[in-house]
Amino acid sequence: MKPHAGSMQNFSTVMAPPGDSRTTYQQDLLGRIDYRSAKPIKAYEKWTVTSIDTVIKPIVTTIRASPDLAEFRQSLQDSTDEKYLYSPLQAIFRTIEGAAAGVTGYKRTQFRQLVSMSDHVPDAENMSFPHNKPDFVLAEVPPTSDPLTPAIDVGSDGVKWRQISGFIEVKSQVRDGPNVTKSTSVKPIVLQAANYARLIMAARPFQLYVLCVFIYGHKFSLGWYDRRGVIISEDYDILNDLDILVNVILQLTTHMTTYQLGHDRSARLLEGHSYYQLEYPSFLVSMGATGDTCLWKTKGPPVWSSLSLLGRGTATWRAVVPSNKPEKDEVIVILKTLWRSQTRQSESNIYGRIKLPLPGVAEFSLGDDVRIPLAKETHARVTIGTLRSLVLDDDAGVLDDPVLHRLVLNTVGLPLWDAGTTKDLILGSLTALKGHQGLVEQGILHRDMSPGNIFIGGPGCAEGWEGFVADLEFASVAQPETETVVSLHPLPPSAGQLNTRGIFLEETVLSSSKVPGAEITGTALFMAEELLSLMLLPDNRKIRPAQIKREVHHDLESFILVLFYSVMKRGLERRLWYDKPDKESQIQQLYRTLFGGHTIRLIRLGRSSFLDESDPPVYLLDVLDSPTEQLLYGCWRLLKIQRSSNFPINERRAKIDQKMQWANDSEELKVITYAQLYDIYDVAVCELSGVN
């Protein structure tokens, strides 16, 4: 549940586009790419067609005799501009898709088309996607009785990101291919493809891995992207290995099942639904075991879906238990899927520790790791290692091999910015804050207070659930009588936290098993500034682990930032300040500065600008109603106080503090507390009677 450069939301957004994340993957992918591997071709060797050579050979003969291959070769000689390669390649791909059916009699079982995107970007359907596109997309299309699917005119017909299950990236020069001689850098084409793979997984959250093809000059290779890295095949020659290219393209467009292309077997499209239909399709979802009777039907697009490639890949959906009840009587639940580290407790286990009832915290129903059938009555947990083994015959093992986990929550709500009234927003966020404190009192520190984890209750919600917190993926659990400080992993953080009930401990992973995902995600946008500061080396460019105790005040700082985010987002989306264009423009700029950074350095710069006493956000407070103004003003002051305590003090600086009477005997007064926030809420709540 992360709103940010690391995730997308199913609603329109005024946030600055998350941008191209290729540069953020450069360091993350180092050491996680398998070059010149014999594994990727294994994905295309599972034919059920007997004597497949009798199909492939006539197609190869047809292509060699056609002008398309000659045009492709001539274009390579005449120009270094890759756009001149698109037309002959498109013609070759269509010839392969048609499978020379008149000669071979081949009958396709799947219906996909490789579409040249030219200058057109796939439709993200109001999701916060960057303005990127592959050269060719593998688009799912309606079935036809003809050998060839009707050609898509991308300009008039369009292609949705959710239609795309794979892609081809083209370069005109062999030197621009993905393989390297020394694995100390990552080629741009690999980073481009990483960007496309993450967008496909975000638009299709049940996509577990993505297959692709790289074409560079007269060479090509095959790619595999998943949540733990990249596998790239050896270099093939289009002229000498044309049969391999034909095999791959024919498989992708006409033969491989959705599951062979990487779709989760435990989430099948509802009968009559498709990825290319007008509305987002629904799925029947289970835990994956054969004969599993626990089923959920998703309703509409994902509520939240991760935009990062490496890491958890979290997605949440509104869902119902399938029944014959009228739609109005269906009970809505939240269905969540994520890749969890085996070095940590599962989120389901953490929810299971909560002593119920606990108002202000989402109610847990059930959860488990997802299974995949191996043989009769034999199942395995779905891990990246399992998928690589089953599809690629790769048993080499995966560093910190994550497990696909699924859970169901009974509490359904709305994001804070969707609050209908100021009263809903203030009382809902207050109840969520009390829920956070309730968790702490039970020895659980949330550690991931971001907009996707704080909600207001839905219509008719029970008393005490006017707002609530959810998503305990990164929560740490107190262990009394033990004091430990552990290392912060780059993103997300893992560390200890001292409070009145004990030390918050986190299961740690060895540095050699560091979970990938150091690319900046939305969690970092709301992370306490003290944590951000400790994650930067002196050059302010590189990320490092940091030694620090995670404490309650870090979460409370994040909570305050979520309040500012939600108030600004709500006002900008609803154009509440349209009659004050100058102030609306200032607020939009503040919103982008504070919540648009995609590196830790930019996030810290935005935070510094926001808390600059010489230019405080008075223009924002001036346009708010009285309760919201008071709430945000008080919260802004708390951020300032806490920020001053982050400044490292030595003996020389302490003398100045003493002389100026800046020193304070009570360190506790320098950090944000529940009591301080409740005092501010008391003032704001008293003003609610006069506003809507």
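Visitor: With which residue does the side chain of K580 meet in a salt bridge?
Guide: This is a predicted model, in which local features need pLDDT of at least 70 and side-chain atom pairs count only at pLDDT 80 or more, while totals for chains, interfaces and linings use all residues. Residues are numbered from 1 along each chain as its sequence is written, and side-chain values use heavy atoms, with hydrogens and water left out. A salt bridge is a side-chain nitrogen of Lys or Arg within 4 Å of a carboxyl oxygen of Asp or Glu. At 3.6 Å, N to O, the side chain of K580 meets that of D579.

Visitor: What relative accessibility does D579 have?
Guide: The classes rest on relative accessible area, computed with a 1.4 Å probe on protein chains only: buried is under 20%, exposed is over 50%, and partly exposed lies in between. K580 counts as partly exposed at 34%, and D579 also counts as partly exposed, its relative accessibility being 48%.

Visitor: Which residues do salt bridges that share partners join into one network?
Guide: The structure holds 26 salt bridges. Those that share partners join one network, made up of R312, K336, E347, D471 and E473.

Visitor: With which side chain does the side chain of R312 make a polar contact?
Guide: R312 lies in the loop between strand 13 (304-306) and strand 14 (315-320), where helices (H or I, at least four residues) and strands (E, at least two) are DSSP runs numbered from the N terminus. Its relative accessible area is 16%, so R312 is buried. A polar contact is a pair of N or O atoms within 3.5 Å; within protein, one must be able to donate a hydrogen and the other to accept it, and residues adjacent in sequence count only if both atoms are side-chain atoms. For the side chain of R312, such a contact is made at 2.4 Å with the side chain of E473.

Visitor: How far apart in sequence are the parts that K336 and E347 tie together?
Guide: K336 and E347 form a salt bridge whose closest N and O atoms are 2.8 Å apart, and both residues are buried. Because K336 lies in strand 15 (residues 332-340) and E347 in helix 8 (residues 347-352), the separation of the parts tied together is 11 residues.

Visitor: In which helix do E97 and R94 both lie?
Guide: The side chains of E97 and R94 meet in a salt bridge at 3.1 Å, N to O, and E97 and R94 are buried. An α-helix has 3.6 residues a turn, so residues three or four places apart point the same way. E97 and R94 are three residues apart, about one turn, and both lie in helix 4 (residues 83-98).

Visitor: Which residue in strand 23 is the bridge partner of F455?
Guide: Two strands pair if DSSP finds at least two bridges between them. Strand 22 (residues 454-457) has both faces covered, with I454 and I456 buried on one side and F455 and G457 buried on the other. Three bridges join strand 20 (residues 413-415) to strand 22 in an antiparallel arrangement, and three bridges likewise join strand 22 to strand 23 (residues 467-469), again antiparallel. The partner of P415 in strand 22 is F455, and in strand 23 the partner of F455 is F468.

Visitor: What is the angle between the planes of F206 and F283?
Guide: Rings of Phe, Tyr and Trp (its six-membered ring) pair if their centres lie within 6.5 Å, and planes under 30 degrees apart count as stacked, over 60 as edge-to-face and the rest as tilted. The structure holds 22 aromatic pairs. F206 and F283 form an edge-to-face pair, 5.0 Å centre to centre, with an angle between the planes of 65°.

Visitor: How many disulfides does a search of the whole structure find?
Guide: A disulfide is a pair of cysteine sulfur atoms within 2.5 Å. C461 counts as partly exposed at 32% relative accessibility, whereas C635 is buried at 0%. Across the whole structure, the number of disulfides found is zero.
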